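Here is a short briefing on one structural model. Look over the sequence and coordinates before reading on.

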Amino acid sequence: MSDLQPGVRGVVRQLYGGQAFTGRLSSLGFTLGAEITIIRNDGHGPILVVVRGTRMALGFGEAAKILVEILAESTDSERIHE
Amino acid sequence: MSEIPAASMTGEKPIVVAIAGQPNAGKSTVFNMLTGLSQHVGNWPGKTIEQKIGFHHTERLTLKLVDLPGTYSLTANSLEERIARDFILREQPDLVVVIANAACLERNLYLLSELLALPAPVVLGLNMMDVAEQQGLQIDTRALEAALGLPVVPMVASRNQGVRDLARTIERVVLQLSPLAPHRPEIRSDHKAVLEQIHQLLADHVPAPYPPDWVSLKLLEGDVEITEMMRTRLDAAAWEPVHDILKAHEDAVLAIASGRYTWIERIVRAAVTQPRVSQITLTERLDRLATHPVGGVFVLLGILGVAFGLTFSVGVPLQRGLDTYVVQTVAEWLRAALARSPLWLSGLLVDGILAGAGIVLTFTPVLAIFFAVLGVLEDTGFMARAAYVTDRYMHVMGLHGKSFLPLCLGLGCNVPGVLCTRIIDSPRARLLTILLMPLVPCAARLAVLAVLAPIFFGTAAIWAAIGVLSLNLLLLFGLGYGLHELVLGGEHFAFIMELPLYHWPNWRTIGLFVWQHLLEFVKRAGTVIVFMSALIWVLSYLPTGDLYTGYLAHAGHWVSPLGNLLGLDWRMLVALLTSMVAKENTLATLSVLYPTGPAGGGLTAALVHSITPAAALAFLVMQMTFIPCVATMAAIKQEVHSWKWTLFSILLMLVISLVIGLLVYRVGLLF
């Protein structure tokens, strides 16, 4: 997920890491099959993402442990070029 | 549900109601609305997590409300989650109220789905209905009630809407006037068989308040606490088959969470109509700037600037006024009243105890203003953005954004800053944040800087102050960078944080935020400061009754060789030492030890004549970094539960202060 550009929508396909970490992520809504939208990603530092209607900040390293299948790049240009 | 003893019907024995909810669901607001000022703030037994208990009277019942810590789930990831679920399992409250944020219902119902596995009747309070409406969400609460099999109360707690309905619903459920038939999330069929297997293997080994079904489920979810509990209860031979099953189904934790969300999605589909076109909300607009890596920093600096502007332009004059008109008046009156009693008595009362109490009293408005501004930032949702923006800078110190709020609170007073570190998940990251706290210049030290810099440097004061503060910030980052390997031991902490929707602040919530922090300051810092102030007075008075020959002066003379290195005479060193009582004591001590000379001119002239600019700068730097005040030390000891780390913190600050002071002085002499 850490490679995705702002505006990209995707579906969570896999979570990597220990049981405690993946358990915590999934209880927050990052379950397999959950849809996410990237709001902000500056290539370093934390990433801002919407999951299940909530804005979540994730450390760059944490975001890298979430495998996401890209659904669509948002056509709403206003949202891409933040 | 359990039978209700007859006494509780008549309101003699209060009904215990636990209030659960995820962070940012407005749980505290609901709690505050129900209990008002009847709340008691303490700690959970043996824990450093705040516990709030309050009472509410309905027509027929007295409710004892217990505010559980805000948690996203009940999987013992954190101390908060453990406390919440232990309370429900062990104390067996008569009812659990779950407060959910209607604007992000899916994620908020996750906690409910976990709570339904525990043996307690549940009522759902659906808060922030107004925010949901603004987002175009239509929630059919009747349909939600039917889908969940639970009473659902729509609320806008910040406007006191629905709070009475909630109390009435609680009453109805407790008196068994409305039947409860909750629908529980289904377990996937392949896991059902596994659960059954585990259940049979555990047989009668599950200890009393824990439901065996629930224990089996938690084992499958890899719950560390429950796993440890069962492992020690079963002998090795009995544990092995259980362990094998768990090992073979290690990925079940994801499937179980997904299963709960599937259940939630079905319920939400039945009750919520999503807007067809998603709107660009206020939150999105504001976040474009507030979370921008560059813009966000400027917004943050601007807001902090305003916070300090307000604190010092309103708070400091108030502080001076209180000092002149209240403290000094009382002091004169006391002195006059005690004119016939021995000199030491009026000295102890006026210069010792009253001086200490005066510091606490006059400092309260400054802190009140600062806490009010921070309360607004916290309540509106801005603080989470500040944590997001500062995260990358905190990484330099091996910390992340969550440490920003406590450090920021420390700018007001280090004591609440240290206490606030409780919001940090990892104990080691918490310890590191606490160790850094004394390097955060508190309002008292800033006040000393603001008074002394113009005395020493005249028109160049602003540059001196900026220099001192920059050095302070540099030291903070440097120390964090230097310590994080040692304290954290290379451990990495996940940064996962919700950014709540922005909303208008609720004045009642902010009022209570300020009130509780002030109360804490007065209670903790107050008692320590008054006591230490009296002690310091005794040390300065004994044995000769003269300030210049007392124990305190002796101590000052004894360390004066050190002072020579730093270009400071014994009086400046004594001022530093007494700043350990309370940082603003530096000023009081200086004005006592540098009496107005025959030529007049007061403190200013006396000070300027006795010190070189290089030494003055060194003194300012040392004053900012010297050993933390006793109130802060006490708070550190309480929070880290270790004398070793407390002493480490004190020695560390002493060494830093001396080394930096020496460096500044020696470098300063070159110019």
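This is a predicted model: local features need pLDDT of at least 70, side-chain atom pairs count only at pLDDT 80 or more; totals for chains, interfaces and linings use all residues.

Does chain B, with its 671 residues, have a radius of gyration that agrees or disagrees with that of a compact globule, and why? It agrees, because a compact globule with 671 residues would have a radius of gyration near 26 Å, and chain B has 29 Å.
- The secondary structure of chain B comes to 30 helices and 10 strands.
- The C-alpha trace of chain B spans about 90 × 55 × 55 Å along its principal axes.
- Contacts in chain B with a separation of 6 or more are 74% from residues 24 or more positions apart.

**Burial and surface of chain B**
- Of the 671 residues in chain B, 56% count as buried.
- Chain B has an accessible surface of about 29,100 Å². Carbon and sulfur atoms hold 63% of that surface.

**Charge in chain B**
- Chain B carries 46 positive and 50 negative side chains.
- The centres of these two sets lie 5 Å apart.

**Interface between chain A and chain B**
- On the chain A side, 35 residues are in contact with 40 residues of chain B.
- Together, chain A and chain B bury about 3,300 Å² between them. Of this buried area, 55% is on carbon and sulfur atoms.
- Which three residues supply more than any other three of the area that chain A buries against chain B? They are A:Arg24, A:Arg52 and A:Arg55, with 22% of that area.

Definitions and conventions
Residues are numbered from 1 along each chain as its sequence is written. Chains are lettered from A and ligands numbered from 1 in the order in which they are written. Side-chain values use heavy atoms; hydrogens and water are left out. Helices (H or I, at least four residues) and strands (E, at least two) are DSSP runs, numbered from the N terminus. The radius of gyration is taken over C-alpha atoms; the globule rule is 2.2 Å times the number of residues to the power 0.38. Buried means under 20% relative accessible area, exposed over 50%, partly exposed in between (1.4 Å probe, protein chains only). Contact means heavy atoms within 4.5 Å. Accessible areas come from the Shrake-Rupley method with a 1.4 Å probe; for residues, only the protein chains shown count as cover. Lys and Arg count as positive and Asp and Glu as negative; His and the chain ends are not counted. The place of a charge is taken as NZ of Lys, CZ of Arg, CG of Asp or CD of Glu. Buried area is the accessible area (1.4 Å probe) that two parts lose on being put together, summed over both.
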